[in-house]
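Q: Can you walk me through this one? I'd like to start with the helices.

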Amino acid sequence: MSDTLHFQVEGMSCGGCSSRLEKSLSEIPGVEAVKASHETGAVDVTLGAQTVPRSAIETVIEETGFDVVRG
């Protein structure tokens with residue numbers, strides 16, 4: 001069973017930004033799929049059977065150069 005986490009992200013201004021974030025997040029063990037959109041500022045991360053903490057995904061988003069919108 002998979003679970004999809006949704007994030008609002010600031011700082012993605014082009015398709016290259018979306019692609020770079022997708023690549024970074026897809027390297028996390030347990031992540032099955034990533035869909036990032038610079039147009040909406042949304043990122044959906046689909047997890048497989050392995051549990052990945054939300055905080056770990058947020059850390060990778062921030063280390064890639066973007067800001068997670070919290071709240």
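A: Helices H1 and H2 are oblique to each other. Keep in mind that this is a predicted model.

Q: At what angle do H1 and H2 pack?

A: The angle is about 140 degrees, and the axes are 10 Å apart. H1 covers residues 15–26 and H2 covers residues 54–63. Angles over 145 degrees would count as roughly antiparallel, so H1 and H2 are classed as oblique.

Q: Is the crossing of H1 and H2 left-handed or right-handed?

A: The crossing is right-handed.

Q: Which residues meet there?

A: From H1, Leu21, Ser24 and Leu25 meet Ile57, Val60 and Ile61 of H2. Five of the residues in this contact are nonpolar, one is polar and none is charged.

Q: New topic. How many salt bridges are there in the whole structure?

A: A search finds four. One of them joins Lys23 and Glu27, with the closest N and O atoms 2.9 Å apart.

Q: Are Lys23 and Glu27 buried or exposed?

A: Both Lys23 and Glu27 are exposed.

Q: What about Glu58, which residue does it form a salt bridge with?

A: Glu58 pairs with Arg54, and their closest N and O atoms are 3.6 Å apart. The two are four residues apart in H2, which means about one helical turn lies between them. Glu58 is buried at 13% relative accessible area, whereas Arg54 is partly exposed at 39%.

Q: And Arg70, which side chain does it meet?

A: Arg70 forms a salt bridge with Glu62, at 3.0 Å from N to O. Glu62 is partly exposed, with a relative accessible area of 35%. Through shared partners, salt bridges link Arg54, Glu58, Glu62 and Arg70 into one network.

Conventions:
Residues are numbered from 1 along each chain as its sequence is written. This is a predicted model: local features need pLDDT of at least 70, side-chain atom pairs count only at pLDDT 80 or more; totals for chains, interfaces and linings use all residues. Side-chain values use heavy atoms; hydrogens and water are left out. Axes are lines fitted to C-alpha atoms, for helices over the stretch in contact, and angles run from 0 to 180 degrees between N-to-C directions. Angles under 35 degrees count as roughly parallel, over 145 as roughly antiparallel, 65 to 115 as roughly perpendicular and the rest as oblique. A crossing is left-handed if the near helix is turned anticlockwise from the far one by less than a right angle, and right-handed if clockwise. Contact means heavy atoms within 4.5 Å. Ala, Val, Leu, Ile, Met, Phe, Trp, Tyr, Cys and Pro count as nonpolar, Asp, Glu, Lys and Arg as charged, and the others, Gly among them, as polar. Buried means under 20% relative accessible area, exposed over 50%, partly exposed in between (1.4 Å probe, protein chains only).
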